[in-house]
Amino acid sequence: MERLLRVLRRTLLTLFGIQMALAIGMSLVDSYRRRGKKPKPFPVTPPTEVPVGDGALTTYTYGQDLYDAMLAAIDGAQRQILFETYIWKGDEIGEKFKAALAAAADRGVEVYCIYDGFANIVVSPRFKRFPPTMKVLRYPIYPAGWKFYDLARYGRDHRKILVVDDAVGFVGGYNIGTAYATEWRDTHVRITGPGVWDLKRAFADFWNLNRRRRIGTSERPLLLETASTWETRIRFHRNVPRLWMFPIRSMYMEAINRSSRRVWMTHAYFCPDQDFVDAMKAAAQRGVDVRLLLPLKSNHIVADWISRGYFSQLLDAGVRIFRFRDAMVHAKTSTIDSTWSTVGTANVDRLSLQGNYEINVEVIDPAFAATMEQIYAADETNCLELTASEWAARDLHRKFTEMILAPLRPLL
């Protein structure tokens, strides 16, 4: 028995070593192939404003348009700015945001900033030196501290939020960086009306949960002065791993399960659990037009290969798969039955749905859903549709690679 256990242990370690070596090798080769290559132009939908309830939502699908609107809001701030991002590059765009936030602080605006330490580990330390007039929280690379055994303390801060005064908020998939301004296809929304308060509360709750990481126990909490207003058409769903709260997955599952006509989803990385896949398959099998739009080649080749492991069963069930060409699509959006839509920061993978701090806005409004459908239709013009026969005819080495990498799904 002891010998059997030893052989089994060695076999498992060998298999895991092969998987990791293959994943690292694929990443290195892909990085080498990408050197010097620039994405090609892709369809862009202009910013579109839709009245929703007592406010409005404006969609952005081109980074430069979004950054112009965000910087204009920062420049017009009078009382308070709440800024949170996963990646904040120290390049031209990153410097513009840093300068605008610093200028606002200099004129007396309260400026709070949060960025993820791990996501910005390669950013120059010089860039990450901020003036004392700004309150900046660097979410630590290793957030668990002494409680290394507490899995609830390992989530990354993957959210992207900007709230200016009580007037306007922004949320979506865009990080801050020059490449994202013109080379990536993503989706963000600008929000006015009562929904801004919920976005502000989301920022404040995260700040207050982690404020002692910035200065110490004397750091005062961020207090909210605006009264809460219930907006029936807009809801924010926040994953908070520290509190074991993961409502975004449930939001998706409920919406897909009640769909009757169409489910159109766009995701940068698609590594769901089997229950999520089963919900999509069941919808397609009852006649719903289920479509999944993914990058043909994302910036994470291992995630691409792992997501392909789901293609056979999805295609067999009638799900249509579209792959976005020549540029990275980083959006995390869906629209269902011309009524329900979501835009946010959460990918359909374990890290986003059951690991990281994320935020998605859920909108129940036909006019906004029509805008999301128009964006989806424009994106489809830049896609290649994958057919079941084409997928079944793929090379044997591709099938083997998918099989070898499949056990890594729970890690992504």
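Biologist: Is Arg 291 buried or exposed, judged by its relative accessibility?
Modeller: This is a predicted model, in which local features need pLDDT of at least 70, side-chain atom pairs count only at pLDDT 80 or more, and totals for chains, interfaces and linings use all residues. Buried means under 20% relative accessible area, exposed means over 50%, and partly exposed is in between, with a 1.4 Å probe and protein chains only. Arg 291 has a relative accessibility of 13%, so Arg 291 counts as buried.

Biologist: About how much of the helix separates Asp 278 and Lys 281?
Modeller: These two residues also form a salt bridge, with their closest N and O atoms 3.8 Å apart. Asp 278 is partly exposed at 33%, whereas Lys 281 is buried at 18%. Both lie in helix H7, and because they are three residues apart, the separation is about one helical turn.

Biologist: How many residues does the largest nonpolar core have?
Modeller: A nonpolar core is a set of buried Ala, Val, Leu, Ile, Met, Phe, Trp, Tyr and Cys residues joined through side-chain atoms within 4.5 Å. In the largest one, the residues with the most contacts inside it are Tyr 67, Ile 81, Phe 83, Trp 88 and Phe 97, and the number of residues is 43. Among the elements that each supply at least two residues are helix H2, strand S3 and helix H3. In soluble globular proteins, nonpolar side chains tend to be buried together, and the core here has a residue count of 43.

Biologist: In which strand is Val 168 found?
Modeller: Val 168 is buried, with a relative accessible area of 6%. Leaving aside neighbours within four places in sequence, Val 168 is in contact (heavy atoms within 4.5 Å) with residues including Ala 73, Leu 162 and Val 196. Val 168 and Ala 56 are 112 residues apart in sequence, yet 9.8 Å apart in space, C-alpha to C-alpha. The strand that holds Val 168 is S7.

Biologist: How many disulfides does the structure hold?
Modeller: A disulfide is a pair of cysteine sulfur atoms within 2.5 Å. Cys 113 is buried, at 0% relative accessible area, and Cys 271 is likewise buried, at 4%. The number of disulfides in the structure is zero.

Biologist: How many salt bridges does a search of the whole structure find?
Modeller: Some residues are linked in a network of salt bridges, namely Glu 84, Asp 157 and Arg 159. Over the whole structure, the search gives a salt-bridge total of 16.

Note on methods
Residues are numbered from 1 along each chain as its sequence is written. Side-chain values use heavy atoms; hydrogens and water are left out. Helices (H or I, at least four residues) and strands (E, at least two) are DSSP runs, numbered from the N terminus. A salt bridge is a side-chain nitrogen of Lys or Arg within 4 Å of a carboxyl oxygen of Asp or Glu.
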